[in-house]
Amino acid sequence: MECVVLLLLLVSGSLCNGNYNHLGTGTSLAVCQPDTCALLSEVAAMREKMAATTQTQSRLEQTLSTMMQKMATVESNMQFYKSQVEELSKVNQAQEEQLKALKDITSANKSKVAFTVALGRFIGPFQQSTPVKYQTILSNIGSGYNPATGIFTARVQGMYYFRFTMYNNNSGQPNSVVALMRNSQRLVYTWDTTGSDNHDSASNAAVVQLEAGDSVFVQLEATRVLYDDSNNYNTFSGFLLFTL
């Protein structure tokens, strides 16, 4: 293409400088010269456009190369992040399995509930109804019973069995009344306040449904007394039958 353009430029040089002998006698210079110059101008303009197109193409190729490099970098980053996500997913799965195992262990431990406690001393009378604080711990699986308060607290929802014994005053007029309490509700009683005999015992029991956080305790009613010694006549027991 450049050779053609140079040839046209040489011809145009001779034409535009007035050398028209090669056209022959009778040739109209007025018609031929302007057309040739216009053609050469168009060729020069085309050459400039081609040069501009070449430059544009070069820039586009550079831009494309840069974009390809960026895309390669992005793809590499995506592969890295993908591997990181996979690693985190494995870690999360392992943690979930550990958490499930811990929950299973915790649930199993919470389901193991059983206790028996004894009074071992004389208490009463009190001016108001008072929880009996059994200080002698014979068993307390699950640590549901608190000797500082005399209260058992349920950790799981379920059906529970409770039993208590009452031994009245060892001399004089009987004066023992106790109740099994669920929160503030009296469930069952034992009662001995009449008669001239001594050394009387009584017991009672109940199967109750408890929610987690419910309290159960034995309450000595106001102005009443309980007798006990190291023989542990007064006891309080309970255990979980099954969860709900």
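This is a predicted model: local features need pLDDT of at least 70, side-chain atom pairs count only at pLDDT 80 or more; totals for chains, interfaces and linings use all residues.
Trainee: What percentage of the residues count as buried?
Mentor: Buried means under 20% relative accessible area. The protein has 244 residues. Those that count as buried make up 26%.

Trainee: Among contacts between residues at least 6 apart in sequence, what percentage join residues at least 24 apart?
Mentor: Take the contacts between residues at least 6 apart in sequence. Then ask which of them join residues at least 24 apart. The share is 69%.

Trainee: Why is the pair of phenylalanine 115 and phenylalanine 236 edge-to-face?
Mentor: A search of the whole structure finds 16 aromatic pairs. In this one, the ring centres are 5.1 Å apart. Planes over 60 degrees apart count as edge-to-face. The planes here stand at 80°, so the pair is edge-to-face.

Trainee: How many residues apart are phenylalanine 115 and phenylalanine 236?
Mentor: Both residues are buried. Phenylalanine 115 is in strand β1, and phenylalanine 236 is in strand β11. The pair links distant parts of the chain, 121 residues apart.

Trainee: What is the angle between the planes of tyrosine 134 and phenylalanine 236?
Mentor: Tyrosine 134 sits in the loop between β2 and β3, 102 residues from phenylalanine 236. Relative accessibility is 1% for tyrosine 134 and 0% for phenylalanine 236. The two rings lie 5.7 Å centre to centre. The pair is tilted, with an angle of 35°.

Trainee: Which residues do ring pairs link into a cluster?
Mentor: Start from phenylalanine 236. It pairs with phenylalanine 115 and also with tyrosine 134. The cluster is Phe115, Tyr134, Tyr145, Phe152, Tyr160, Phe162 and Phe236.

Trainee: Which strand gives the most to the nonpolar patch?
Mentor: Val207, Phe239, Leu241, Phe242 and Leu244 form this surface patch, with about 460 Å² of accessible area together. Leucine 244 is in the segment after β11. The most, three residues, comes from strand β11.

Conventions. Residues are numbered from 1 along each chain as its sequence is written. Side-chain values use heavy atoms; hydrogens and water are left out. Patches are made of residues with over 30% relative accessible area and no salt bridge: like charges are joined within 9 Å, nonpolar side chains (Val, Leu, Ile, Met, Phe, Trp, Tyr) within 5 Å. Accessible areas come from the Shrake-Rupley method with a 1.4 Å probe; for residues, only the protein chains shown count as cover. A salt bridge is a side-chain nitrogen of Lys or Arg within 4 Å of a carboxyl oxygen of Asp or Glu. Helices (H or I, at least four residues) and strands (E, at least two) are DSSP runs, numbered from the N terminus. Buried means under 20% relative accessible area, exposed over 50%, partly exposed in between (1.4 Å probe, protein chains only). Contact means heavy atoms within 4.5 Å. Rings of Phe, Tyr and Trp (its six-membered ring) pair if their centres lie within 6.5 Å; planes under 30 degrees apart count as stacked, over 60 as edge-to-face and the rest as tilted.
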